[in-house]
Amino acid sequence: MSMVRLSEFPPEVVLEIYKNLEIPKDRLNFNLAPIARVVRTLVEKPSLAARVRTLHLFDWKRYIGFDCPEFDKALNAFKEECAMKKEQEVTSQEEANVGDGNEDVGDEDGDVGDDGSISLKTFDYGPLREQAKLVTHSEDATDYWMDEITMRDADGWVALLLTLLPNLQRLQIEFPCGSLWVRWVLKWAIAGRLDSIPAFKSLSEVYVDWDREDVQACCRNIIPFFLLPSMRRFYASKFFGELAMFDDSWPNEDNLTEVARFSPVTHIEIDERDEQWGMCKVVGICKNLQSFKYNHSGCAGFDPSGFYKELFPFKETLETIWLDIKESSRENCTEDSHNCNNPFLSFKDFTSLRTLHLRMENLPGLNTQSGDNHASMSFAEALPSSLETLQIADVGSMVNLQVLVQELQDHVEYGMDSTPALKEIAIEPLRHLPQMPELLVKLNRACTKVNINFHMCIFHDGRVQWGAEGFAPRFL
């Protein structure tokens, strides 16, 4: 019996199969080879598109046409090319008039390509064009979009697909190098140009992911998600800087933050990024930030004072703060120009803070370099009364561990009046610690007396396991 490929099934069957999977429900998770069939089906059957709540888009093939990151410039380049082609066609037609008119126009038979996609020769683009025009409100822009689609540019297909899912709530997306169309469509949604269709009205969670060298995105692909009115949670992994191919083309200032004055995002998780990303821009426009979890890549660019400055305006709303350096990229930093080991200022004014996760070197109150006004600040004075969970990472050495444990024990025994809600203390263990030293046993006893759960975390697959307070797993 021969194997049957998933792409050989009608899209209705594929979607029904995924819809009825036990975990998670209402999910769409497909390879983009049969994307033409899927898009056409969703265009023709809106009721089917309305069932999709969760979508996972794997990285797709990107055809690099006009190297213009802004749509208006790309559209103008397209129109100029069309004008040139029209002139060439007129010339070619005049030359062909002297021929016999029996040129071979090619084989029009068959509508399925070798990759399982529908042939561009016989595909009916009428419904797709109508959808594109609803989005662009422009004949020229629609012509450009359809030209990209007929050129087999999956970037255009993906962007059109996203406009067809009115009830999409959760999106996991892997951007290929040079992706532009998704960002353009999101910009139109932010500007209110998609009000005639329900696209992006329900999208509340986005997970951006790229693990391979050819899957990457710049921050300009990310910012539009923060400005959608329905967005609440943003997750990303391996979040690195700009795409070099477009660095010279991007305008110095992006006008997106002027279009939308604030972001409704309340939860941000970024698991590993470099120093180039404009975190200040997206954090600064958040209106009601409640959770910020961030792992930096390497020590360069990790600046506690900068983080504190950006997060301080949310001192009344933030419930979770996680600031760390990714385990795999940590190093024994000796650079005087780096700020990675500077301590934070006091979190006393963060009145809603429940969970605090910091590297030991960055804990306020453990270092006399906390600032001119905090040189004599005690460990207890640095923590808010609302704090419930304290997690301490990257202890570094046995000497550091001894200092930390002594400070924690003093606080547990004599300073609990300042943190009455504290219920859990977790420490990242030293990797080669053979067993729990006596000083940790004493700290555990002190914690037990005041009903605090103290524990050393465990390593799994090279990463520290912080339990429920750790980074959220991918939802697909």
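**Close-up views of a predicted model**

View 1. The cut-off for buried is under 20% relative accessible area. The model shown here is predicted. The structure holds 0 disulfides. A disulfide is a covalent bond between the sulfur atoms of two cysteines.

**View 2. Helices H5 and H6 cross at roughly 130 degrees.** H5 covers residues 126-136 and H6 covers residues 139-150. Their axes come within 9 Å. H5 and H6 are therefore oblique to each other. Their crossing is right-handed. H5 contributes Leu128, Arg129, Ala132, Lys133, Val135 and Thr136 to the contact. From H6 come Glu139, Ala141, Thr142, Asp143, Trp145 and Met146. By class, the contact residues are 6 nonpolar, 4 charged and 2 polar.

**View 3. Helix H7 is largely enclosed by the rest of the structure.** The buried residues include Asp155, Gly156 and Trp157. Ala154, Val158 and Ala159 are also among them. Leu160, Leu161 and Leu162 complete the list of buried residues.

**View 4. The buried residues of H7 pack against helices and strands.** The helices are H2 (35-44), H5, H6 and H8 (181-190). The strands are S2 (54-57) and S3 (170-173).

Notes:
Residues are numbered from 1 along each chain as its sequence is written. This is a predicted model: local features need pLDDT of at least 70, side-chain atom pairs count only at pLDDT 80 or more; totals for chains, interfaces and linings use all residues. Side-chain values use heavy atoms; hydrogens and water are left out. Axes are lines fitted to C-alpha atoms, for helices over the stretch in contact, and angles run from 0 to 180 degrees between N-to-C directions. Helices (H or I, at least four residues) and strands (E, at least two) are DSSP runs, numbered from the N terminus. Angles under 35 degrees count as roughly parallel, over 145 as roughly antiparallel, 65 to 115 as roughly perpendicular and the rest as oblique. A crossing is left-handed if the near helix is turned anticlockwise from the far one by less than a right angle, and right-handed if clockwise. Contact means heavy atoms within 4.5 Å. Ala, Val, Leu, Ile, Met, Phe, Trp, Tyr, Cys and Pro count as nonpolar, Asp, Glu, Lys and Arg as charged, and the others, Gly among them, as polar. A disulfide is a pair of cysteine sulfur atoms within 2.5 Å. Buried means under 20% relative accessible area, exposed over 50%, partly exposed in between (1.4 Å probe, protein chains only).
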